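Visitor: I would like to learn how to read a few features of a structure. Could we start with the one on screen?

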Amino acid sequence: MTAHSVEYIRYRIPEQQSAEFLAAYTRAAAQLAAAPQCVDYELTRCEEDFEHYVLRITWTSTEDHLEGFRKSDLFPDFLSAIRAYIGHIEEMRHYRPTTVRGTGASVPTLYAWAGGAEALSRLTDAFYDRVLKDDLLAPVFAGLAPEHAEHVALWLGEVFGGPSAYSETQGGHGHMVAKHIGRNITEPQRRRWVNLIQDAADEAGLPTDAEFRSAFLAYVEWGTRLAVYFSGPDATPPAEQPVPKWGWGAALPYQG
């Protein structure tokens with residue numbers, strides 16, 4: 001995973017100039033939105049002291065910002081829009097994210113929303129019961145170890161924000177990838193896998209709200225397409241990586 005660089009620019013803008021300042025950055029933002037080096041951006045205003053603003057820009061890297069965006073055709077228009085406020089900058093630095101990160105309890109994990117370990121165990125039991133009876137997938141899973149469904153439930157639990165039981169007992173992402181090496185999974189088999197796990201999710205009673213199922217299917221699509229790639233003859237196994245963490249994506253859970 002690429003380690004992005006986060007630039008923070010702290011401004012102190014006299015309150016009587018706030019409207020013009022916001023208008024200037026609205027114009028400048030068009031250049032950020034068009035820049036391939038820019039991941040995202042956000043301008044925030046202090047609630048306790050309205051004169052203080054912080055602009056956060058996530059760049060693909062510090063070098064991409066300094067050598068890419070600043071030397072691009074977009075930068076002159078960006079600079080022109082905000083030039084009048086350069087003298088109001090109190091800090092302008094790049095920061096590299098650390099491993100200390102996470103989400104609070106206000107947004108439930110996919111693991112909790114799904115129903116936890118019990119729900120995911122029901123899912124994998126129902127899924128592999130279907131797989132072993134399926135003419136297209138049964139050959140892929142011939143000789144399946146009795147504990148396989150349990151291990152996949154642990155994997156999904158950790159991916160969806162639950163306990164790190166898979167990592168602690170089996171390994172990281174590389175361990176899961178290794179199980180697919182040389183299996184030559186076909187696209188029809190992958191698609192059948194996707195269809196069957198959705199059917200199993202219905203049978204296991206997983207939530208059917210649009211937001212959960214969208215996130216669930218997004219992971220299934222991502223994971224199965226990686227499985228096809230790593231099962232192929234030309235695949236290069238990745239370096240050891242942690243188990244990926246999957247979130248809600250574009251739509252947070254609806255709690256009306």
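Visitor: How many disulfides does a search of the whole structure find?

Guide: The general idea is that a disulfide is a covalent bond between the sulfur atoms of two cysteines. In this predicted model, the search of the whole structure finds zero disulfides.

Visitor: Is Cys38 buried or exposed?

Guide: Cys38 has 12% relative accessibility and counts as buried. The cut-off for buried is under 20%. Cys46, at 24%, counts as partly exposed.

Visitor: On to aromatic rings. What describes a pair of them?

Guide: Two values do: the distance of the centres and the angle of the planes. By the rule applied here, the count comes to 23 aromatic pairs. Take Tyr11 and Tyr25: their rings sit 5.7 Å apart, centre to centre, with 75° between the planes. That pair is edge-to-face, because planes over 60 degrees apart count as such.

Visitor: Which parts does the pair of Tyr11 and Tyr25 tie together?

Guide: Tyr11 lies in strand 1, residues 5–12. Tyr25 lies in helix 1, residues 18–34. The pair therefore ties together parts that are 14 residues apart in sequence. Tyr11 and Tyr25 are both buried.

Visitor: What kind of pair do Phe21 and Tyr25 form?

Guide: Phe21 and Tyr25 form an edge-to-face pair, 5.3 Å centre to centre and 70° between the planes. They are four residues apart in helix 1, so about one helical turn separates them. Phe21 is buried, with a relative accessible area of 0%. Tyr25, at 6% relative accessibility, also counts as buried.

Visitor: Which residues do ring pairs link into a cluster?

Guide: The cluster holds Tyr11, Phe21, Tyr25, Tyr53, Trp59, Phe69, Phe75, Phe78 and Tyr85.

Visitor: What is the lining of the second largest pocket like by class?

Guide: The lining of the second largest pocket has 25 nonpolar residues, eight polar and four charged.

How values were computed. Residues are numbered from 1 along each chain as its sequence is written. This is a predicted model: local features need pLDDT of at least 70, side-chain atom pairs count only at pLDDT 80 or more; totals for chains, interfaces and linings use all residues. Side-chain values use heavy atoms; hydrogens and water are left out. Ala, Val, Leu, Ile, Met, Phe, Trp, Tyr, Cys and Pro count as nonpolar, Asp, Glu, Lys and Arg as charged, and the others, Gly among them, as polar. Rings of Phe, Tyr and Trp (its six-membered ring) pair if their centres lie within 6.5 Å; planes under 30 degrees apart count as stacked, over 60 as edge-to-face and the rest as tilted. Helices (H or I, at least four residues) and strands (E, at least two) are DSSP runs, numbered from the N terminus. Buried means under 20% relative accessible area, exposed over 50%, partly exposed in between (1.4 Å probe, protein chains only). A disulfide is a pair of cysteine sulfur atoms within 2.5 Å.
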